[in-house]
Amino acid sequence: MNAAKTTFSIKSIFLDFKEITKAGLAISVLFSSIAGYLLGVNAEHPFKWSVLLVLSIGGYCMVGASNAFNQVIEKDIDSLMDRTKNRPVPSGRMSPNMALFVASLLTIIGIALLYTINPKSAMFAAISIFLYTSIYTPLKTVTSLSVFVGAFPGAIPFMLGWVAATGDFGIEAGTLFLIQFFWQFPHFWAIGWFLYEDYEKAGIFMLPTGKKDKGTALQVILYTIWLIIASLLPVLGYTGQLFITPIAAVIVFLLGLWMLFYAVRLYQLRTAKAARTLMLVSVSYISLLQIVFIVDKFLR
């Protein structure tokens, strides 16, 4: 009986840890960092499994800390929304103090690990956590500009991988940042659209016009176009050591048209289903783009 209780307790703790760090989201963000690292390695900065392992653990801690801080700050708001009311803190399974301890510990571990790679990686991780928790999170109930602010920490992971590989922040890392920066807008506006009613309960502002209207849908299209342009910059030869071949550029362009199709579809239909579909396509887009960039680098 005691063994069963212990097993259940360990399982519960593990599940709560996964939820408070948003493991699914953290792993997808971590994929961006790994992609950036693989793009950054070269003869001067060779691939090292040890660096990749530290980047992976440190990157997870960075994202997990941001998510945990977010859930401490928004515990009252989370209790109002159907999709968040069963999270560890609002449900009462984890005290705010314990969640704060977990977030603080992850911050220390994450920044310390990334510092062993190079100081710039640790610096960008610290900036990301600060922007996400101290500026983006409080702004969510004040203005839709929170999405703009949140796009900065959200765009750091792809760039962080390159910085971890090279120790430098230049045009290459800046381009990776730009790609993921513009990607944030159609992605999160799509989420804000199909979860509009749930967000409304908590007074959270996500959509640029504040409504599920043509104005918001038009901005989704415009930022998707900016995303496509940013994604194609490496083929032009002006982004330093980060470049893709014309064949890869064609594939990236087609992926962009695929996402643009669903952005236009949202403009035409303006339904929750169309927004959800766009969100799923956007996740596929950024993952496939990163894979294309990596495969193109190692095949040419």
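**Reading the salt bridges**

Me: Arg-93 counts as partly exposed, at 42% relative accessibility. Which side chain does Arg-93 meet in a salt bridge?

Reply: General idea: side chains of opposite charge can pair when their charged atoms come close. Keep in mind that this is a predicted model. Here Arg-93 meets Glu-19, at 3.3 Å from N to O. The pair links distant parts of the chain, 74 residues apart. Arg-93 sits in the loop between α5 and α6, Glu-19 in helix α1. Glu-19 is partly exposed too, with a relative accessible area of 32%.

Me: How many salt bridges does the structure hold?

Reply: Eight. Take the one between Lys-140 and Glu-74, at 3.1 Å from N to O. This pair also links distant parts of the chain, 66 residues apart. Lys-140 lies in the loop between α7 and α8. Glu-74 lies in the loop between α3 and α4.

Me: Is Lys-140 buried or exposed? And Glu-74, buried or exposed?

Reply: Apply the cut-off: buried means under 20% relative accessible area. Lys-140 has 8%, so it is buried. Glu-74 has 3%, so it is buried as well.

Me: Which residue forms a salt bridge with Asp-78?

Reply: Arg-87. The closest N and O atoms are 3.3 Å apart. Both Asp-78 and Arg-87 are buried.

Me: Which residues do salt bridges with shared partners join into one network?

Reply: Asp-82, Lys-85, Asp-198 and Lys-201. Read these four as one network, joined by salt bridges that share partners.

Technical notes: Residues numbered from 1 in each chain as written. Predicted model: local features only at pLDDT ≥ 70, side-chain atom pairs only at ≥ 80, totals over all residues. Heavy atoms only, no water. Helix = DSSP H or I, 4+ residues; strand = E, 2+ residues; numbered from the N terminus. Buried < 20%, exposed > 50% of the residue type's maximum accessible area, 1.4 Å probe, protein only.
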